[in-house]
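The points after the display are grouped by topic.

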Amino acid sequence: MTALLRAELLKLRTTRTFAAVVASAAALSLTLVVLGAALGKETKAHALFTNSAITYIIVILGAIAMTGEWRHRTITGSVLAAPNRVRLLAAKAISYSVAGIALSIIVTVPTIIVGELVLSGRGLATLGAGGIADVLWRNLAVAALLGPLGVCVGALVRNQIVTVVGLVIMAAAIEPAVFQAVPEVGRLLPLAGAPGGVLGGTHGDLSPAPALAVMVAWTLTIFAAAAWRLRSRDLV
Amino acid sequence: MKKFPPLGKPKRPGRAAVEIRDLSKRFGAVAAVNHLSFEIEPGRVTGFLGPNGAGKSTTLRALLGLVQPSSGSATFGGLRYDELDEPSARVGAVLEDASFHPGRSARNHLRVLAITGNHPPHRVEEVLSAVGLSDAADRRVKGYSMGMRQRLAIAAALLGDPQVLILDEPSNGLDPPGIIWLRGLMREQAADGRAVLISSHVLAEVAQSVDDVGVIADGELRAQGPLEQVLGGSDGPATTVRAQDPVRLTGALERRGHRVDRDGDVLNVFGATPEEVGEIAGHERLAVLGLAPRTRSLEEAFIALTGVQS
Ligand SMILES: Nc1ncnc2c1ncn2[C@@H]1O[C@H](COP(=O)(O)OP(=O)(O)OP(=O)(O)O)[C@@H](O)[C@H]1O
Ligand SMILES: [Mg+2]
């Protein structure tokens with residue numbers, strides 16, 4: 001299992017997509033935070049730094065990686081090298097958990113540093129050490145769970161475009177709409193609802209601990225479904 | 001290269017390297033493989049032959065645990081592929097249309113496989129040079145030719161120095177030097193005591209390098225055994241003879257119960273060896289201008305066995 005995980009992480013480190021996405025995500029969110037802190041009316045530091053946009057990127061990256069195994073038809077080679085398919089899926093899921101954490105650190109830490117400097121320059125309230133730790137764990141936890149979720153949804157659906165478009169529609173349209181209509185249900189949904197609760201969002205969200213539990217449950221459930229399906233699937 | 005355990009020796013001597021027992025695989029209404037049984041032995045190159053759609057790839061995929069058999073089993077010394085401790089050290093496989101992530105290089109691809117299979121990093125360099133890809137190893141696979149991809153697939157199969165090598169139409173895209181190299185590789189592997197299984201829909205392509213063959217058509221095994229035996233067919237000896245007086249020789253042969261096909265002054269005689277034909281001609285005082293055993297051509301044998309016209 002450790003060998004498999006090391007292999008997956010090597011793949012991740014050496015594909016250009018991942019590096020490119022991390023770099024652009026970092027640049028983009030840095031820009032947004034600087035603009036927000038310098039010009040915006042939003043002066044609540046916490047809201048400024050819990051950047052849920054990043055978390056969607058990791059779910060998409062995980063989905064792209066797993067569906068890529070079918071798109072590039074490398075799944076047969078991967079299964080030949082690691083015939084225990086459940087372990088293979090687990091290794092990929094864990095590697096995208098690690099990737100989510102890495103991405104989140106790379107994006108969040110510079111954002112917080114620069115944002116705090118700008119805020120204090122304007123004479124506005126900054127986050128203390130405790131506040132920073134709070135922002136960090138929320139971002140990391142969400143990214144660590146959404147990466148594997150993307151991998152597992154990808155393993156279930158397999159078609160890259162359908163998976164990516166589906167995830168985006170779900171996160172950006174369906175879940176917010178459900179939340180509007182029936183908040184009690186909407187806040188339990190996997191991509192925007194429960195992560196919103198962990199990040200500490202709006203009125204009506206779950207509080208962080210139950211929201212995190214809901215996210216863990218989603219990830220485990222979808223992992224189980226994907227593993228069960230992958231085990232019996234003919235790879236031709 | 002010999003830092004590996006002596007993989008050449010089968011773990012349980014006398015046990016076939018690959019055992020396929022009553023294997024069937026259906027895809028919906030299509031019976032791709034139908035109650036197929038055969039074995040391959042260590043130290044031999046076995047050709048797995050059959051026309052397009054015969055079920056070769058399906059059989060190999062079932063053997064490698066990629067598709068689930070509908071019934072029957074396909075094992076390596078009794079163990080399914082997914083039950084092997086170190087699959088890549090036991091079995092190396094090159095599948096049809098080998099695919100790689102286009103954005104990664106050959107070296108990177110092999111490094112990932114080496115980590116997964118616990119093979120030392122120097123094996124990557126060894127197999128790269130064995131397949132002649134050392135110079136291109138850091139280029140992205142996207143820019144590789146078909147033959148280069150095929151070489152990379154072979155390198156990946158060799159990485160764990162496996163006891164069993166399974167090659168599904170491996171000469172696809174290889175140039176003539178590549179094909180000759182591949183033949184040499186298969187012979188070397190067999191000489192080392194390993195088992196090699198190579199599938200093809202062209203008998204002539206593998207006839208020079210295989211010891212045994214299994215012939216499959218419509219998902220069923222049609223013939224199995226050493227190449228010469230399978231090529232010889234089951235219709236007994238046959239002789240080609242050129243006679244000065246073909247009409248009289250034909251009459252003499254047919255009186256003795258042999259079937260004769262006449263083509264000008266050349267006669268194909270079925271059921272008789274050259275010695276017998278010569279004796280009959282001598283007895284009748286007929287001059288014989290040429291006399292040879294008749295062997296089926298590779299294509300004739302293939303068509304006769306599979307019932308498929310090319
Ligand atoms: N995934 C699948 N779904 C449906 N039918 C399939 C599938 N894979 C193979 N078949 C069918 O099974 C039969 C055997 O196919 P297979 O690919 O094993 O043949 P083959 O001997 O490898 O042929 P070729 O020489 O063309 O590679 C064919 O009739 C094929 O159409
Ligand atoms: Mg085939």
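In this predicted model, 25 residues of chain A are in contact with 27 residues of chain B. About 2300 Å² is buried between chain B and chain A, and carbon and sulfur atoms give 63% of that area. On the side of chain B, the residues that lose the most area to chain A are Leu66(B), Ile115(B) and Thr116(B), which together make up 24% of what that side buries.

**Chain A: overall build**

- Chain A contains 11 helices and zero strands, and its pattern along the sequence reads α-α-α-α-α-α-α-α-α-α-α.
- The radius of gyration of chain A is 18 Å, close to the 18 Å given by the globule rule for 236 residues, so chain A is as compact as a globular protein of that length.
- Taken along the principal axes, the box filled by the C-alpha atoms of chain A is roughly 60 × 40 × 30 Å.
- Of the 236 residues in chain A, 51% are buried.
- Among the contacts in chain A with a separation of 6 or more, 76% come from residues 24 or more positions apart.

**Chain A: surface and charge**

- Chain A has an accessible surface of about 10300 Å², and 70% of this surface belongs to carbon and sulfur atoms.
- The side chains of chain A include 18 positive and 9 negative ones, and the centres of these two sets lie 11 Å apart.

**Chain B: overall build**

- The secondary structure of chain B consists of 11 helices and 13 strands.
- The C-alpha trace of chain B spans about 75 × 45 × 40 Å along its principal axes.
- Of the 310 residues in chain B, 50% are buried.
- Residues 24 or more positions apart supply 68% of the contacts in chain B that have a separation of 6 or more.

**Chain B: surface and charge**

**Helix 6 of chain A: Ile105(A) and Pro110(A)**

- Ile105(A) is placed in helix 6 of chain A, which covers residues 85–121, and Pro110(A) is found in helix 6 of chain A as well.
- Ile105(A) has a relative accessible area of 38% and is therefore partly exposed.
- Pro110(A) has a relative accessibility of 31%, so it too counts as partly exposed.
- When neighbours within four places in sequence are left aside, Ile105(A) is in contact with Pro110(A) and Leu140(A).
- With neighbours within four places likewise left aside, Pro110(A) is in contact with Leu30(A) and Ile105(A).
- Pro110(A) and Leu30(A) are 80 residues apart along the chain, while their C-alpha atoms are separated by 7.2 Å.
- The C-alpha atoms of Ile105(A) and Ala26(A) are separated by 9.5 Å, and these residues are 79 residues apart along the chain.

- Ala143(A) lies in helix 7 of chain A.
- The relative accessible area of Ala143(A) is 2%, and the residue therefore counts as buried, a term that applies under 20%.
- Ala143(A) and Gly131(A) are 12 residues apart along the chain, and their C-alpha atoms are separated by 19 Å.
- Arg158(A) is placed in the loop between helix 7 (129–157) and helix 8 (160–181) of chain A.
- With a relative accessibility of 32%, Arg158(A) counts as partly exposed.

- Arg158(A) has a phi near 75°, which is a positive value in a residue other than glycine.
- Asp22(B) is not a glycine, yet its phi is also positive, at about 50°.
- Asp22(B) is found in strand 1 of chain B, which comprises residues 18–27.
- The relative accessibility of Asp22(B) is 38%, so this residue counts as partly exposed.

Key
Residues are numbered from 1 along each chain as its sequence is written. Chains are lettered from A and ligands numbered from 1 in the order in which they are written. Side-chain values use heavy atoms; hydrogens and water are left out. Helices (H or I, at least four residues) and strands (E, at least two) are DSSP runs, numbered from the N terminus. The radius of gyration is taken over C-alpha atoms; the globule rule is 2.2 Å times the number of residues to the power 0.38. Buried means under 20% relative accessible area, exposed over 50%, partly exposed in between (1.4 Å probe, protein chains only). Contact means heavy atoms within 4.5 Å. Accessible areas come from the Shrake-Rupley method with a 1.4 Å probe; for residues, only the protein chains shown count as cover. Lys and Arg count as positive and Asp and Glu as negative; His and the chain ends are not counted. The place of a charge is taken as NZ of Lys, CZ of Arg, CG of Asp or CD of Glu. Buried area is the accessible area (1.4 Å probe) that two parts lose on being put together, summed over both.
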